[in-house]
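Please examine the sequence and the three-dimensional structure shown here.

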Amino acid sequence: MSWKNSKQLVVDANVGQGSSNDKMFNPVLEDSGSQSRQCLQAIWEERHVAVFSGNLRDEWGRHASSYAKRWLRNMEQKCRIIEEDGERFAELAIPACACLSTAGEKAALAKDLHLIQSALATGQLILSNEVRFPRFVALACGAVQELVSLYYANPTVEGDRCRLWIKAGAEKDADRRIDVWVENHLKSD
Amino acid sequence: MAIHPSNWHLFGPGITRIAVTGFKSLATKTDLEIRPLTVLAGANSSGKSSFMQPLLLMKQTLESDVNPAAPFLMSGPYTRYTQARQFLSRTYLPRKEQSPLAFEFSFDEGMTAGMLYSAEAQRGVTIERGLSIEESWGSRSTEESQWRITTRSTPDELRSMLLKFSSIPLMMGQVGFTVLSAVNSRFYQGVLYSAPAGEGPRGEAMGRRELYHMPENLGLNSHIRRMIYVPGLRGDQNRKWLFTEISEQGFFEGPFESYVPSLIYSWQHADDTKREDELEAGLELLGLASSITTMRVSESELEVLIPIALERSRPKITGPERRKMSELNFELGKEQFETVESALNLAMKRSGAKDPAEALLNIAVQYTHVNIADVGLAVSTVLPVLVALIQADPGQLVYIEQPELHLHPRAQWKLAQVLAQAANRGVRLVIETHSSLLLRGILTQIAESKIANDKAILHWFERDSKTGISTVHSAEPDPAGRVGDWPEDFGDVELGSDNDYLNAVENKMVAGTK
């Protein structure tokens, strides 16, 4: 990408899934759809690059809303999608999962490890609506130093703040480091 | 009739580059590559049509029986100017920074032709300097030699230019080869020379003769005259069409639309049904009709009909079958024969059909088909597009304004397949479009390897809001059908409009619950 401020973000499939207004018929529910869509729109407008792995592409293919599919198609056309499996970081799975106590937690982290691998191999930025996954990563940060270099943003939890961060250049702000982010946003859970 | 494939090489790859300067919003030089699939896109009034209008001016000048005093016939079937100042660039640039009107073309294997004009209030446009280069023979750099031929050039200067940029002196033998003068011919400038007596191509004796070296002699005229132009204003809902003559050389003078019914008629009566099959496949692909037929309704008129049903209801009757039917010898009793004969005679008399078989078909289609004037505009607007794509020979330039006009989104998207097929045959397509679906269809064809990415080029036109001058950004799609930072704004519009709509719906629904 030639755009000077563009960043490389791993965009989780749940952001694509939540980007429609499927919940408009029950607006009493907290609506993550709108927030996710605003974030995708901001990525498009600021010419950021989305990072996809094979796994992530499969998940997008299964879950993406019609708006998100159109977003992805336009991003592809403009060469703003890069493929990165981050295979060289696969070996982090064992020490990271070892930090977790239950088999369920380990399985949950392993399932989304491809996000970590892709992010570590590119811009270290992850955009996702997950709340469990960042918590597990934060738990593993003490043992696996590489994970501390990950930065996290969550449209549902943060609301418009997340969109504004993307619009402002998706910088690696200290409060977005994944362990700090968990501390700030999920501490009371 | 179209040119036989064995003669296609005579016309080369066609026009491969066009440069326009000083024409309407193209105040500075706009130099664009023309590939088999060339897309011109951009906002309204950004200069897309202006870029192709010089070719149309030339085409209508060449087709005119009248030799205008000015270089161009300004008002005709393709352009409607009355004074040159209507198309000369008007900008806020200081006078010394303004570029004069100039056109340049590259065509076939290394041929370049250029013309530079001067404009005066009283005299209008006059040709100032010309250029004709056979690059394969002379220098490949057009810059060093540009605009060397002028009416003030001396014979010695002209001779040295010809020796450098043309194979003529060698072919004609340098002994006795004499350059006489620079000459103007319509919108070209060239060199008049005298060739020595000698043998012709077939060994025949030829006396001393005077010849021209100018773009028209290098083949540019043929490309311009053979250009098929399908304008944005089309879709005439005529019930009946005049039978038109179809040129063997592929010349279509005047509105191409008026040739369409006769071309279809000729395909349907040809031994080879390939073109008719392609047309019907195209209409079916676009979801418009399963077939199409023409009916001769008088000695000089045709009707174009499509079936009422979208699915094909009867086997296709080919050209040879039509002829065979007319030779059938029915074993009929006298009474039956007289009945049939009188019915056919009546049908032939009323319909203008040439033979009984045609009369029979005409009767049949009246119950199963409707005139295209009686169906939606899509068929009559897309028909000239499909016919032009199928009729054009390799190397022939086909310029289509808004091929997607009146088409349903699905048909716009599918139309890309037909465009890719024509481009793969070597036809040079220049399409001007506002359809993101058509563009996406083209990029999909590339990603699916239906057409090579290097056969396509995309030119995005923008106009500076302060100066009014157009600029163009060009991009070759990559093999995956991606165009990188090519600044088309279709994606912005699509995502922006989706987002606005979804936001508005959500706001309304949330407000409704409070």
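A residue is called buried if 20 or more other C-beta atoms lie within 10 Å of its own, exposed if 12 or fewer do, and partly exposed in between, with C-beta atoms placed from the backbone. The structure is a predicted model, in which local features need pLDDT of at least 70 and side-chain atom pairs count only at pLDDT 80 or more, while totals for chains, interfaces and linings use all residues. Residues are numbered from 1 along each chain as its sequence is written, and chains are lettered from A and ligands numbered from 1 in the order in which they are written.

Helices (H or I, at least four residues) and strands (E, at least two) are DSSP runs, numbered from the N terminus. Strand β5 of chain B covers residues 111–120, and because seven of its ten residues are buried, this strand is largely enclosed by the rest of the structure. Strands pair if DSSP finds at least two bridges between them. Strand β4 (residues 102–107) of chain B pairs with β5(B) in the antiparallel sense over six bridges; Ala102(B), for example, has Leu116(B) as its bridge partner in β5(B). The two strands form a hairpin with three residues between them, and Asp108(B) in the turn has a positive phi of about 50°.

Two residues are in contact if their C-beta atoms, placed from the backbone, lie within 7 Å. Not counting residues up to four places away in sequence, Leu389(B) touches Val398(B), Val418(B), Leu419(B), Ala422(B) and Val427(B).

Is Trp413(B) buried or exposed? Trp413(B), found in helix α12 (residues 409–424) of chain B, counts as buried because it has 21 C-beta neighbours inside 10 Å. With residues up to four places away in sequence left out, Trp413(B) touches Leu437(B), Leu438(B), Arg440(B) and Gly441(B).

Chain A contains eleven helices and five strands. Of its 189 residues, 51% are buried.
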